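Welcome, and take a moment to look over the sequence and the 3D view. We will then walk through the structure together.

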Amino acid sequence: MPLVVDIVTIFPEMFSPVLSVSMTGRAQQRGCLVVHLTNVRDHAPGRHRSTDDTPYGGGSGMVMRAEPLIAALEAIESARGRGHRVLLTPAGTLLTQALVRELARRPHLVLVCGRYEGVDERVSAYVDQEISIGDYVLSGGELAAMVIVDAVARLQPGVLHNEQSAAQESFEHGLLEYPQYTRPAVFRGADVPEVLLSGNHERIRRWRRQQALVRTRARRPDLFRQLVLSSEDEQLLREHDQRPQATTGEMEGTR
Ligand code: 9D3
């Protein structure tokens, strides 16, 4: 059974250029993902079909009206049944991979995108969950909805090329990735670490683990604090700190 995602938006045309390519495009082609777009404006009554209005109490900007949003939600669910309703809002719970995994298990998601300065607070009573994708200001929920569709699509059975990738991710979770290289062996004077050309799979495994640990410590101390280090991990870190390498990435972006 495919994952069904309904999206409620005033900008349905934003979605297909993104969702029709790459992972989400492949998922749809393979029948693992079905995306339905609903234009809020089609559910706004009156001559002007307005989806927003001025805020009660004053203030700048406009507020999305509850009526057309909820009418759109009801039309969707009359057609395809009750879904797990998510409002995309900067005031929502932060999206994490754990939350993505929960969402990916639902058979039907209904993603409601806000715009303007916000959404009438009474919409909250009609949704199951409110989600933000991070602490920065977007101009609407559309990009956030696309982030969620991308993240849940790649977890659907039959979507990932390498089925092991999803499992390995959860196995290695909490660590940043080790550095990757492909041909050529020398790019503008920068060579590939010798260990990766050695063919010694045990040395390669240990080097990658060491790189992931060192990078996580340098770049994501918040994640590093949560790690439960094995005695091998401790040893790899000691080894690194005694004989520091130039390629841990701490200097990236400083050139
Ligand atoms: C006045 C305070 N603003 C909140 C920070 C108002 C406001 C700004 C931007 C209300 C809505 C928006 C539009 N953003 C979203 O709808 C949104 C969003 C985001 O801005 N950041 C991260 N995740 C999300 S999910 C939806």
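This is a predicted model: local features need pLDDT of at least 70, side-chain atom pairs count only at pLDDT 80 or more; totals for chains, interfaces and linings use all residues.

Residues are numbered from 1 along each chain as its sequence is written, and side-chain values use heavy atoms, with hydrogens and water left out.

Let us start with the layout. The protein splits into domain 1 (3–163) and domain 2 (172–242), with bounds that come from an automatic or database domain assignment. Between the C-alpha centres of domain 1 and domain 2 there are 38 Å.

Now turn to the ligand. Around the ligand are 18 residues, and Glu117, Ile133, Gly134, Tyr136 and Leu138 come nearest; a residue counts as near if one of its heavy atoms lies within 4 Å. Sorted by class, this shell has nine nonpolar, eight polar and one charged residues, where Ala, Val, Leu, Ile, Met, Phe, Trp, Tyr, Cys and Pro count as nonpolar, Asp, Glu, Lys and Arg as charged, and the others, Gly among them, as polar. Strands S5 (84–94) and S7 (129–132) each give at least two residues to the shell, and S5 provides the largest share, three residues. Strands here are DSSP runs (E, at least two residues), and helices are runs of H or I with at least four, numbered from the N terminus.

Ser132 has a polar side-chain atom 3.4 Å from a nitrogen atom of the ligand.

Finally, two backbone details. Arg183 and Pro184 are joined by a cis peptide bond, with omega about 5 degrees; Pro184 sits in the loop between helix H6 (164–171) and strand S8 (186–187). Ser22, in helix H2 (residues 22–29), has a positive phi of about 60 degrees although it is not a glycine.

Methods: A polar contact is a pair of N or O atoms within 3.5 Å; within protein, one must be able to donate a hydrogen and the other to accept it, and residues adjacent in sequence count only if both atoms are side-chain atoms.
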